[in-house]
Amino acid sequence: MVLKLGTGKEITMLDAGKLRHRVVVQRYVGEADDYGDIRWADDKNWRNVCIVWAAVDPISGREFYAAEQAQSEVSHKVRMRYRGGIKPGMRLLLDGRRLHIQSVIDWEERHESLLLMVQEVNGGK
């Protein structure tokens, strides 16, 4: 949706009707593993940052096998109102699912909305 201001300037609005998913944004406060990576499965060291409304859409899915264990990997894009401090390495909780933030894009660099590219891994990490 594009809104035209009295000054002639146009701004792109995020359609609130599409923000139908309630997600919890979390950051990791624990220690990294021996390789410097986040311990994704270490739930006791994740802290809530905020709870927001978001649009969550799957963009691809594939089955793969790793370490003799079947894992399902599904990638999503998440659109939410702009909020500073959201970074890769954080995660989202959505109805008991864990979505790991891979990248954060300030959509059109207007500080109005964020596009998050996230990855859900079931049975691993």
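Buried means under 20% relative accessible area, exposed over 50%, and partly exposed in between (1.4 Å probe, protein chains only). This is a predicted model, in which local features need pLDDT of at least 70, side-chain atom pairs count only at pLDDT 80 or more, and totals for chains, interfaces and linings use all residues. Residues are numbered from 1 along each chain as its sequence is written, and side-chain values use heavy atoms, with hydrogens and water left out.

**Exercise 1.** State what share of the residues in the protein is buried, and how many helices and strands there are.

*Solution.* Of the 125 residues, 33% are buried. The protein has eight strands and zero helices; these elements are DSSP runs, numbered from the N terminus (helices: H or I, at least four residues; strands: E, at least two).

**Exercise 2.** Determine which residues are linked with Asp43 in a network of salt bridges.

*Solution.* A salt bridge requires a side-chain nitrogen of Lys or Arg within 4 Å of a carboxyl oxygen of Asp or Glu. Step one: Asp43 meets Arg91 at 3.0 Å, N to O. Asp43 lies in the loop between strand 3 (21-28) and strand 4 (46-66) and Arg91 in strand 6 (residues 91-94), so the pair ties together parts 48 residues apart in sequence. Step two: Asp43 also pairs with Arg98, with the closest N and O atoms 2.8 Å apart. Arg98 belongs to strand 7 (residues 97-106), 55 residues from Asp43. Step three: the network therefore links Asp43, Arg91 and Arg98.

**Exercise 3.** Classify Asp43, Arg91 and Arg98 as buried, partly exposed or exposed.

*Solution.* Arg91, at 2% relative accessibility, is buried. Asp43, at 35%, is partly exposed, and Arg98, at 33%, is partly exposed.
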